[in-house]
Amino acid sequence: MDVLLEIKGLKKYYPILGGVFKKKIGEVKAVDGVDLKIKKNECFGLVGESGCGKTTLAKTILRLLEITAGSIYFGVPEKIRKEIDSRKFQKLKKKHDLSTFKGKRLKNVRKKIQIVFQDPSSSLNPRMLVKDIVAEPIKVHKLANGRALRERVGELLNYVGLTTDHFFRYPHEFSGGQRQRIAIARALATSPDFIVLDEPTSALDVSVQAQILNLLSNLQKNFNLTYLFITHHLLVVKHISNRVGVMYLGKLVEIAFTEELFKRSLHPYTQALLSAIPIPDPEIKIKRMILKGEVPSPINPPSGCRFHPRCPYVMKKCREEEPPLINVGNNHYVACHLINK
Amino acid sequence: MKKLLEIQNLKTNFYTYEGVVKALDGINLDIKEGETLGVVGETGCGKSVTALSILRLILPPGKVEEGKVLFWGKRKLSVRDTGIDLLSKEEVFLREVRGNEISMIFQEPSSSLNPVYSIGDQISESFLLHQQKELCRAAIKEIEKNIKENSFFLKIFIYRLQKKIYKKMLDNFNSLGIRFLSILPLVNRYKIWLKKEATKRVVDILAKLGVPDPERVVERYPHELSGGMQQRVVIAIALACNPRLLIADEPTSNLDVTIQAQILDIIRRLKEKLGLSILFITHDLGVVTELCDRVAIMYAGNICEIAKVKELFKKPLHPYTKALMNSVPTWKRKDLESIKGNVPNLVNPPGGCRFHPRCDYALKICSREKPKIQEVENNHWVACHNFISG
């Protein structure tokens, strides 16, 4: 299958200004070198705890934030990407790297990449009617107007299980689940290929979450969408994704197919995360791996492997050298000295 | 096992501009000594309102209309058989219960802690309110020890005076004379002993909760701590005076998975060590499995089902319980089933059983008559017409 989105060496640092002249005295290394390939029609799950950089990564893909280093290739065929790899043709790179796009080209790409945010109450403009909220992307990209626009909005609301009766209402008149549906309808408005979902169900109740997850699966099948599903809830990611990537303090530590990750997780952090999930089944007893300490600050990440202060299997090498992300077979990537001896 | 708390037919309403929200519609629950009861339900079902009603913390426009909350755990009183109805007692009585016999921890640790007071001050507030006599006695002992060790005449004189002040405080902690002394600039240095004692206890309880470097944490402010640490501080405040019952209102919902595991581990160890009874409110069935002995499922202000944890998962009876379990993603489940419809508006709830519009097993009687909760099997209670005999 084709690779739809490729991220290479993505870094996003936030500067910390201080002192009398507001000089840069440090940096928050939110995303510190991420390589990722997402295939067409795939649902890629990105998991990690708060502060690991998932939302920052999502925003940089959409150019809602400017990256500090690295490149993003969206919809670039493999042949061209290979040539850029070989360091020839810097011009080609400029032509295809999403992070350098400006003006009209950037606007065009934004038709194809959309996002659904975590909190449906704050991502919908409370002063706009539902019909205007969903119509806004269409109007911005001048895709339809007048009657055709109305019909398209009605169609989109139908896809997410709402009706034209909801046209003339405000977001506060809906429940959390329904607001999230409006946000999803808005994301589908420009017929995108790729949707980034930043914790879409975290603010919702369990039964509503089930409705939204089922809706998202159906939409993916019907419209051939590709998802980047970001969440901290591992069981949700297990349910909806094909492949999963685990992030810790700005870097990816493990990537694998979902089944593989849950059956044979290799990185100690992944194992700790999986063992920490409370299981709603009294018959299963899992030996908890309780991590000591807290997540360190991204301003001063630990030397070598970032997980080493909390790792139960830490070795001398881990403090000195950062482990690279290596394919250990069956497209299962791990960044750990213990595994990659 | 002896009963510790019993809620009988609790009804709470909120009088709003849009109408009367009938938040609780006759709740019946009981907690025995040493047991952990989980209350599971989704947003708006009334779990938090139940917890607040127990401690009489419902403020206007809310009002507890009916019902009794019987408590058997009050120290110094030997009303062992009938229990004391907390809803009918004066506020002064409730003040002694809150934080001392029944404590509560809330969902967001950052908003439960006062941002302008240090951690030490906030935890010792609990001691200073409820354990005044013990603190005074300990302070007196400390002063006496210092008198013996010291030989400087002036110091001994000052210590003797301070000891006199504490002896007066044993009788009446907040008498007019004491309050006057506490304002005078040099004289109020007597408070140092009290503070030292309180700090000692604070450090002790923080160490028990696994907080690293407790002596330094005592000086810190809440915003300097992470979420997991803040929640530990909140637990420390709640458990400072060794309450009989701890009400935990979704304490780990806002925390990361690994930190949640740490906090649940702490709560479990404390439960075993102190013989604590816990009313644990959550929407996460997984957490319930880990921590609770019995579970109550709530929907729209009513209790649907109460059973032991293993029994509930093996054989859920109420249609809402079954639907809820089928919508939770687990390790094995392939399909998630959602419940049709939406949570009802409690200003105009459905007649009869509040779940009937969304229920796959609804009978004709369900829309007319509200089912009473009945013990259908051994210690397994359901409120559903499908199971009510007769």
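Here is a chat about the two chains shown above, one term at a time.

Visitor: How do you know which features can be trusted here?

Guide: This is a predicted model, so local features need pLDDT of at least 70 and side-chain atom pairs count only at pLDDT 80 or more, while totals for chains, interfaces and linings use all residues. Residues are numbered from 1 along each chain as its sequence is written, and chains are lettered from A and ligands numbered from 1 in the order in which they are written.

Visitor: Why is α4(B) called roughly perpendicular to α8(B)?

Guide: Two packed helices are described by the angle between their axes and the distance between the axes. Helix α4 (residues 119–130) and helix α8 (residues 191–208) of chain B pack at about 110°, with axes 9 Å apart. Axes are lines fitted to C-alpha atoms, for helices over the stretch in contact, and angles run from 0 to 180 degrees between N-to-C directions. Under 35 degrees counts as roughly parallel, over 145 as roughly antiparallel, 65 to 115 as roughly perpendicular and the rest as oblique. That makes α4(B) roughly perpendicular to α8(B).

Visitor: Which residues make that contact?

Guide: On α4(B) they are B:G120, B:I123, B:S124, B:F127 and B:L128, and on α8(B) they are B:A198, B:T199, B:R201, B:V202 and B:I205. Being in contact takes C-beta atoms, placed from the backbone, within 7 Å.

Visitor: What makes a residue in that contact nonpolar, polar or charged?

Guide: Ala, Val, Leu, Ile, Met, Phe, Trp, Tyr, Cys and Pro count as nonpolar, Asp, Glu, Lys and Arg as charged, and the others, Gly among them, as polar. By that scheme the contact of α4(B) with α8(B) has six nonpolar, three polar and one charged residues.

Visitor: How many residues of chain B are in contact with chain A?

Guide: There are 33 from chain B, and they touch 28 of chain A. On the chain B side, α11 (257–274), α12 (285–291), α13 (309–314) and α14 (319–326) each give two or more residues. The most comes from α11(B), with six. By class, the chain B side has 13 nonpolar, 13 polar and seven charged residues.

Visitor: Why is β3(A) called largely enclosed?

Guide: A residue is buried if 20 or more other C-beta atoms lie within 10 Å of its own, exposed if 12 or fewer, and partly exposed in between. Five of the five residues of strand β3 (residues 43–47) of chain A are buried, so the rest of the structure largely encloses this strand. A:C43, A:G45 and A:V47 point one way, and A:F44 and A:L46 the other.

Visitor: What makes β7(A) and β8(A) partners of β3(A)?

Guide: Strands pair if DSSP finds at least two bridges between them. β3(A) and strand β7 (residues 226–231) of chain A have five, in the parallel sense, and A:C43 stands opposite A:Y227. With strand β8 (residues 243–248) of chain A there are four, also parallel, and A:G45 stands opposite A:V244. Both pairs meet the cut-off of at least two bridges.

Visitor: Why are β2 and β4 of chain A at the edges of their sheet?

Guide: That open sheet has the order β2-β1-β4 (chain A) with antiparallel pairing. β2 (23–39) and β4 (69–74) each have a single partner strand, so one side of each has no neighbour in the sheet. Five bridges join strand β1 (residues 3–18) of chain A to β4(A), with A:K11 partnered by A:A69. Helix α1 (residues 54–61) of chain A packs on the sheet, at about 75° to β2(A).

Visitor: What makes the largest nonpolar core a core?

Guide: A nonpolar core is a set of buried Ala, Val, Leu, Ile, Met, Phe, Trp, Tyr and Cys residues joined through C-beta atoms within 7 Å. The largest has 198 residues, of which A:V134, A:L228, A:F229 and B:L279 touch the most other members. Helix α10 (residues 227–239) of chain B gives the largest share, eight residues.

Note on methods: Two residues are in contact if their C-beta atoms, placed from the backbone, lie within 7 Å.
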